[in-house]
Protein chains: 2
Amino acid sequence: MSSIRPEAAGELEETAASLRADVEDSKPPYLRKRWKKELENVLKGKFFVAPAFEIYGGVAGLFDLGPPGCAMKAQLEAYWRRHFILHEGMLELGGTCLTPERVLEASGHVERFSDLMVKDETNGRCFRADKLLEEALEARLKESTDEEEKKSLRRVAIQADAMTAQEIHDQITHLDIRAPSSGAALSFPVPFNLMFKTSIGPQGNAVGYLRPETAQGIFVNFRRLLEYNNGKIPFAVAQIGLGFRNEIAPRQGLLRVREFQMAEIEHFVDPIDKFHPRFTEVKDLCLPLSPRETQMEEGCECGARLVARRSRQEKGGLRWCVIDNETLAYFLARTFLFLTGAGIRPEGLRFRQHLEREMAHYATDCWDAEIETSFGWVECVGHADRSAYDLSAHTRASNTELVAHRRLEKPRIVDFVKVSVDKKKIGPAFKQEAEKVLKGLEDMSDNDKLDAEKTLASTGLFNLKLSTGETYAIKREFVSFESAERKVTEESFVPSVIEPSFGLGRILYAIWEHTFNIDSFRARADGKRTDSDENERRYFSFPPHLAPFKVAIVLISHQEEFRHFVTEVHSALSALGLSTLVDSSSAYIGRRYARFDAIGVPFAVTIDLETKRDLRVTLRERDSSEQVRLPMADVPSVVARLCSRSLSWEAVLKKYPKFRTRQPVGRRIREALGLVLDHRSSVCAMTAAVAFMAVVTLRLARRL
Amino acid sequence: MSSIRPEAAGELEETAASLRADVEDSKPPYLRKRWKKELENVLKGKFFVAPAFEIYGGVAGLFDLGPPGCAMKAQLEAYWRRHFILHEGMLELGGTCLTPERVLEASGHVERFSDLMVKDETNGRCFRADKLLEEALEARLKESTDEEEKKSLRRVAIQADAMTAQEIHDQITHLDIRAPSSGAALSFPVPFNLMFKTSIGPQGNAVGYLRPETAQGIFVNFRRLLEYNNGKIPFAVAQIGLGFRNEIAPRQGLLRVREFQMAEIEHFVDPIDKFHPRFTEVKDLCLPLSPRETQMEEGCECGARLVARRSRQEKGGLRWCVIDNETLAYFLARTFLFLTGAGIRPEGLRFRQHLEREMAHYATDCWDAEIETSFGWVECVGHADRSAYDLSAHTRASNTELVAHRRLEKPRIVDFVKVSVDKKKIGPAFKQEAEKVLKGLEDMSDNDKLDAEKTLASTGLFNLKLSTGETYAIKREFVSFESAERKVTEESFVPSVIEPSFGLGRILYAIWEHTFNIDSFRARADGKRTDSDENERRYFSFPPHLAPFKVAIVLISHQEEFRHFVTEVHSALSALGLSTLVDSSSAYIGRRYARFDAIGVPFAVTIDLETKRDLRVTLRERDSSEQVRLPMADVPSVVARLCSRSLSWEAVLKKYPKFRTRQPVGRRIREALGLVLDHRSSVCAMTAAVAFMAVVTLRLARRL
């Protein structure tokens, strides 16, 4: 071991600290540790969200949305409705959460909707087996230095959530994984059904569950929905509503909860041509795709991206080179537009194809829209081609045909056995049971009919046996059967269904991470980072159409004569459905704007002393902090158009004169400096020097 | 018995039929039997609503909303949000449905949220005791001819839902009520808890319920909400979300269901002055009130109405003559405006005050907004002053103070015992436990402190005993206590809460009943009613802002060159959030309008052959069937303003030229005649004659 001089050690430490900071700065903001802590403070402090039933110690996996969170959820739902339902004229359905057992038996949820659970036998605590395995693997990955071992560990990790109980058990034994905190041995994994069970009605014998997804409510209504759509296919049905999953051990805050708002689309198509009528609108879009082949090679965490172009054309409809069919590709594109339009940064978004064994046995192709957050890449939207599985399952279980019809290109001639009955004779012979007999004769198979005809021809009598077991003696004079031909112009089929399924709560959280910003105005004189600087601006750059509150009305003077301006602006904005916050506090104006920035209010209308004279107010935009001065009467329509994205802030800047606040010189210099400092992430070492010089120069300048 | 001539008997029968029809016609439309049947057909046929899980035989009390119903529910919620939350800047909260047992134990729901149930022991069927009693009483009421007996029966009926098990049992015995269908004897009534029970988490020991109301989610968040509101009171919190009640025997279709959308407001006030800052805005409104005194006299069914004016002023705030306080009165008025603005007919709306024993023990005053429907008067909105009950209950159970603070008019001087400690001595003496000792000393009662001082003075030592049982020897040098005075400028109090609670599903159904119309165009030549007339128009006169779809786009020509007009209009309307339906069928134009009328689409834009030439289209209003012709470019803003109620149809008529369809003469005559016939309800006998003459005259006119 060589010893080093103490001074050198100090230098090295400084360099290391600086390098660590540079690494931190080069990450997207939402991946920086400090950002996350600050975001958590804001989300809790401004009551975007809080643990539910906190005063009773809380319940894991349940959260309440406070005023800004709740308003934003409503905006997100409205946006989803516009983007998907209105845009395409989808049918919207509102089903119930309570679901009788039979429905979920048919769909397979009662048998299979479970996670594998391991138990710490010493204290009864339960863990989700795959998550425990994944965490253990991650820890090993960090320790390991052998590239081959790392590769193999990664492969296991990717497949963890699709393993059988035996496979997981083997891995647990192999890696010697033990219960967290107690260190005790773990039980063999057992499936735990994730549905909340209850009892419907007073008798106590009708088992019900809270729906784990909204989709089943659409499938069981298929007949009515198709009829509503005049029997035409393809068509899409959407549903926004709650889903419930009794997670074994919910963690990761808002990302794994027990009650969550979903938005699902079931787009029914003819399986022989899964075209989408509006595909051409999105065909030139580039999407960040991560097909299954690349995942096994590079590991999921590497986020292999393939920016590809949907172009290859095949006979009988467009077909994309990676994605199974046109409708699935169409929805990936629409989801991309939805998420980026909601404030998700494109570089933190990818579409990951499911691995073969990750998919349900009936699925044709699945792609998850994953968003990068401080918790890693998180599945926020699933896109699955569920084929005809669900409709077939419900057809079998309910004995109700759930099919659509397609016209044949040319009519087909089919053989059948024609039944000719003499109702005048059957009626008196069977009286009340005549109907049953007639139906029984019709329902016979073609072979049975021809056999019966032979029997009738030879003996003049045959025995009709119904499925109920009843038997009727049928005479020659009642009926005759004969082979015939029929022209068929259409045939029935079970539609395939393509399902984009959105977890709105997860998306909401991801938006918070992706839009949270901290801008610093001032650096310390020595050029070092100033983590606890008071002159930082924390704000959410929510797209205006999603912001929980659209406008802050700020009053400068507290004289009574100004109050009616507030009422006027507030009423006009409310009438247009724009939510406003009124601030008539006496705080320093900058502090008041900061308060609204912190909850992402995109616009502020300030009524100042001049307003009385010229009936003009200032309008401030959040992200740029720029202000214009405009007639008070223009405010409602300008803000409404800004919020509905039919007007840009740039256009507003062109139309109205810019308003300059009389800020102290010191602040303006600080801001200019902040701007300089903001660019250092890329060219950090040099910028540090420049910043230092800038500080010195500006200080000198100030003294002159 | 006197015999009558056959001809006379025929005449009498006709007169009776005519009288019955007149009685029917004099009722509000929604009370007419035929209307109800037709409405049910439309609601089911157009898939506004359907029984849930129908293909599996359905589940009583669960319904699904189809596309028009679901869209309308979304509109109703948005309207509620605008009318209440935006209007007053209420805080909106989004809580969870899953609720842990402790919370609902504290609120009293686990113990008391139940209905009395009687059982048919022969087949296990369960009935709601009060409903069974009410039905039996109603049947007796119809039979009875004795006015005194009727009065007494009515009194019992009114109180049925507030009776104890013994009282109901006595009534059942007294009236000899038996189980429907089987006729068997009924069990003694037992309480059945209406909450759906489930288990949260994998261990199975955490009992949870589905919330029976959204209110508790607000109360348990009170501290955060008050903090969010900067500690200021009064303030209101609102929540829209699902509630669940495991009804014993759900009937009455959509009016008594097991899962329902609620919208609740908890308005927190200082109990010493329940003023509302915006009361003056509604003070001159006349409301149909039914105070408790009048109900016992005339019976609930009579719908005693008192149109009164809120005016009496009392010292210390406005006080209304019947309603307990200003805030409660304010919300009755706002609810009245909400409901009438949603299409509820004012004559079918009343506010019924709860009877003394109907109210919960803690409530100060309760008023139900009841809407008259074909099922009778139905409670759709409850308005209750719940006093400080809930916050106090949760304070006790959670050990968390849920209070607000008020400034005292003049500061108060209060005695207290001042504790002076010597931290320098306590620290080393108790080390890690010093903090605990210091808190223990502060937490002592004033009396204990003075006693301790005495002990210290005499012996130099006293034993501090903590609530945990630990004891510490405190020396004279550590602490001294002395009586002192303190100026107090504010005091804490438990706010009272006033709760308007809306059943949105019930309101939706009531809107359907109140807005459904049948207009007849033609009468039969003999002047008799024509119940199955094809020339009838069935439509919902939904207020445009609530209509499920705002605009129908109707295309006359099917040539390709007209299609882009549809795309253009559709995109422009969608961008403004207006839902549209496109009709490019080849049906007769009248039939196409009729289809949209049947689902209440308020406006239709028709692109006709002229459009290509003049870029103008016709805009049709649903209720009047009137049409104007206007530039296509004007359509989006005109329709948007019509839907947001900032423009009236009358104003549109003034601005744009009226468009006349070239209807066949016969149809116009029929319409004119329909108008005549529509007025007959009031002056029926005469009108019948006039109608007959009119038919004859018109027939003659046509022949000329």
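Buried means under 20% relative accessible area, exposed over 50%, and partly exposed in between, with a 1.4 Å probe and protein chains only. By that rule Arg396(A) is exposed, because its relative accessible area is 62%. The model is predicted: local features need pLDDT of at least 70, side-chain atom pairs count only at pLDDT 80 or more, and totals for chains, interfaces and linings use all residues. Residues are numbered from 1 along each chain as its sequence is written, chains are lettered from A in the order in which they are written, and side-chain values use heavy atoms, with hydrogens and water left out.

Start with chain A. It has 24 helices and 30 strands. Helices (H or I, at least four residues) and strands (E, at least two) are DSSP runs, numbered from the N terminus. Of the 704 residues in chain A, 51% are buried. Contact means heavy atoms within 4.5 Å. Among contacts in chain A with a separation of 6 or more, 69% join residues 24 or more positions apart. Arg396(A) sits in helix H13 (residues 389-398) of chain A. Its C-alpha atom is 8.1 Å from that of Ala106(A), 290 residues apart along the chain.

Now take Glu213(A). This residue lies in the loop between strand E9 (207-210) and helix H9 (215-219) of chain A. Glu213(A) is buried, at 10% relative accessible area. A polar contact is a pair of N or O atoms within 3.5 Å; within protein, one must be able to donate a hydrogen and the other to accept it, and residues adjacent in sequence count only if both atoms are side-chain atoms. The side chain of Glu213(A) makes one of 2.8 Å with that of Gln216(A). Another, of 3.3 Å, joins the side chains of Glu213(A) and Arg386(A).

Next, the charged pairs. A salt bridge is a side-chain nitrogen of Lys or Arg within 4 Å of a carboxyl oxygen of Asp or Glu. The count over all chains is 98. In one of them, Glu38(A) pairs with Arg538(A), with the closest N and O atoms 2.6 Å apart. Glu38(A) is in helix H2 (residues 33-45) and Arg538(A) in strand E25 (residues 536-540) of chain A, so the pair ties together parts 500 residues apart in sequence. Glu38(A) is buried at 14% relative accessibility, whereas Arg538(A) is partly exposed at 24%. Elsewhere in chain A, Asp115(A), Arg128(A), Asp130(A), Glu247(A) and Arg256(A) are linked in a network of salt bridges.

Glu88(B) and Arg334(B) form a salt bridge through their side chains (3.9 Å, N to O). Glu88(B) is in helix H3 and Arg334(B) in helix H12 (residues 326-341) of chain B, 246 residues apart. Both residues are buried.

Finally, the interface. The contact takes 73 residues from chain B and 73 residues from chain A. Buried area is the accessible area (1.4 Å probe) that two parts lose on being put together, summed over both. Between chain B and chain A it is about 6100 Å², with 64% from carbon and sulfur atoms. In chain B, Ile55(B), Tyr56(B) and Arg224(B) lose the most area to chain A, together 14% of what that side buries. Two salt bridges cross this interface. Glu54(A) and Arg224(B) form a salt bridge through their side chains (2.8 Å, N to O). Helix H3 (residues 67-88) of chain B gives the most to the side of chain B that touches chain A, with eight residues.
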